[in-house]
Amino acid sequence: MAKIYPWDYHPDLTEDRLCAVAAMIVDGRHAALERYDEEAGDNGWTHGCRAFQFSRARILRAIDGSESPWLTAIDRSLQLIFKIGEVPVRIYKGLPEEPTGRTLRQSYGELQQLGLLFPDRDEGHDLAYRFAIETDVEGTVIAVHFVGLHGETAVLNWSVPFDNTLGFTGAVGREASESVELEAPPVGLRSDRVVKDESDDA
């Protein structure tokens, strides 16, 4: 049977978990974008560094907290390798079909974990699992993909449910608040204001 979804490759890669991590990444990148100050000297390089660090910080904060016990770290350095359940994962900015050499590079810790996790002939054994973050020219996230790369080929390419105008609903660790229907506001002059104005003019 063909494998289509991340959880087909490993049960630890559930939709809820992938959406939760993606929300941390997007929140970090957009927080960095809000602080972008070209007059102060910001450029694409400084924004890229800050965007990655803000996302990294949110993931590490979740790892150190108690609400996401399924999230752990292999390497807390600036390359950041973390685990969703038992599956090692990294992040890169770019299209799922265009990974760079740095994106494809796998550390010893990552390879060791994959070797323990998957049988030698399993389809998931030789994949590099990554979040691919696609942005527009201004740096706003427009798509998030969870990919399994075999060389430069995205064998697994799953689009994380994401609304690029509103972002993810809810936040990590709590449910989204429900929308509330509001009645149309009344339009017209307030009678008490009219009376007051008349008395002032007298």
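An open sheet is formed by 6 strands in the order 1-2-3-4-5-6, with mixed pairing. Strands pair if DSSP finds at least two bridges between them; helices (H or I, at least four residues) and strands (E, at least two) are DSSP runs numbered from the N terminus. This is a predicted model, in which local features need pLDDT of at least 70 and side-chain atom pairs count only at pLDDT 80 or more, while totals for chains, interfaces and linings use all residues. Residues are numbered from 1 along each chain as its sequence is written, and side-chain values use heavy atoms, with hydrogens and water left out.

- Strand 3 (residues 87–93) and strand 4 (residues 128–135) run parallel and are joined by 4 bridges.
- Lys93 is opposite Ile133 in strand 4.

**Helices on the sheet**

- Helix 2 (residues 15–34) packs on the sheet and touches strand 1, strand 2 (81–84), strand 3, strand 4, strand 5 (141–150) and strand 6; contact means heavy atoms within 4.5 Å.
- The direction of helix 2 makes about 45° with that of strand 4; axes are lines fitted to C-alpha atoms, for helices over the stretch in contact, and angles run from 0 to 180 degrees between N-to-C directions.
- Helix 5 (residues 108–117) lies across strands 1, 2, 3 and 4, at about 135° to strand 3.

**Nonpolar cores**

- A nonpolar core is a set of buried (under 20% relative accessible area, 1.4 Å probe, protein chains only) Ala, Val, Leu, Ile, Met, Phe, Trp, Tyr and Cys residues joined through side-chain atoms within 4.5 Å.
- The largest core has 36 residues, of which Ile59, Leu71, Phe82, Ile84, Tyr129, Phe131 and Phe146 touch the most other members.
- Helix 2 gives the most to this core, with 8 residues.
- Leaving aside residues up to four places away in sequence, Phe146 touches residues including Pro6, Leu18, Val89, Tyr129, Phe131 and Trp158.
- A second, separate core of 5 residues includes Tyr92, Ala128, Val147 and Leu149.

**Largest pocket**

- The largest pocket holds about 570 Å³ of space, the volume being the space filled by probe spheres set on grid points joined across faces, edges and corners.
- A pocket is an open set of points on a 1 Å grid over the protein atoms alone, where a 1.4 Å probe fits, with protein on both sides within 12 Å along at least five of seven lines; lining residues have an atom within 4 Å of a point.
- Among its 18 lining residues, Phe52, Ile91, Tyr92, Lys93 and Arg102 are the closest to the centre.
- Strand 3 gives the most to the lining, with 4 residues.

How values were computed
Buried means under 20% relative accessible area, exposed over 50%, partly exposed in between (1.4 Å probe, protein chains only).
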